[in-house]
Amino acid sequence: MGWELVSVDPDLGTIEVAFQAGPHFANPMGMTQGGFLAAMLDDTLGPALVACLPDGQFAPTVDLHVQFLRPAPPGRFRGLGRVVRRGRTMCFLAGDLFDSEGRIVATATATAQVRAVIGSADS
């Protein structure tokens with residue numbers, strides 16, 4: 001998907017990333033298949049949280065809800081993600097995905113669980 005970091009602010013818990021969806025990501029109608037849009041959102045929300053975590057921790061997504069708002073032709077997408085609430089072990093995330101013309105195409109919320117990396121000094 002060509003993940004590209006545009007900007008990140010660990011203090012605010014925000015991130016901006018970019019993706020490139022080629023025509024091979026298209027469904028039979030020529031639009032980017034929803035599963036790829038969901039993957040882009042997951043790969044926006046997760047890194048927003050990971051950027052805030054100390055070394056030795058990661059946070060797998062345990063729940064992801066995606067709403068598809070409009071057809072999304074292949075091309076460049078921009079994802080904006082944020083940490084809504086960060087608890088000790090559970091975190092709530094939200095974000096939006098925009099097409100190359102700046103129109104929102106999908107939005108998502110997620111829950112992630114903070115865990116120690118196995119084998120790290122913190123585990």
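Q: What does partly exposed stand for when a residue such as Arg103 is described?
A: Partly exposed is the band between buried, under 20% relative accessible area, and exposed, over 50%. This model is predicted. Arg103 has a relative accessible area of 32%, so Arg103 is partly exposed.

Q: Which residues form salt bridges with Arg103?
A: Asp99 is one partner, with the closest N and O atoms 2.7 Å apart. Glu101 is another, with the closest N and O atoms 3.9 Å apart. The cut-off is within 4 Å, so the Glu101 pair counts.

Q: What links Asp99, Glu101 and Arg103?
A: A network of salt bridges links these residues.

Q: Is Asp99 buried or exposed?
A: Asp99 is buried, at 6% relative accessibility.

Q: And Glu101: buried or exposed?
A: Glu101 is exposed, because its relative accessible area is 62% and the cut-off is over 50%.

Q: How many salt bridges does a search of the whole structure find?
A: The search finds four. One of them pairs Glu16 with Arg78.

Q: How far apart are the closest N and O atoms of Glu16 and Arg78?
A: They are 3.8 Å apart.

Q: Where in the chain do Glu16 and Arg78 lie?
A: Glu16 is in strand S2, residues 14-21. Arg78 is in strand S5, residues 75-86.

Q: Why does Glu16 count as buried?
A: The cut-off is under 20%, and Glu16 has 19% relative accessibility, so Glu16 counts as buried.

Notes
Residues numbered from 1 in each chain as written. Predicted model: local features only at pLDDT ≥ 70, side-chain atom pairs only at ≥ 80, totals over all residues. Heavy atoms only, no water. Salt bridge = Lys/Arg side-chain N within 4 Å of Asp/Glu carboxyl O. Helix = DSSP H or I, 4+ residues; strand = E, 2+ residues; numbered from the N terminus. Buried < 20%, exposed > 50% of the residue type's maximum accessible area, 1.4 Å probe, protein only.
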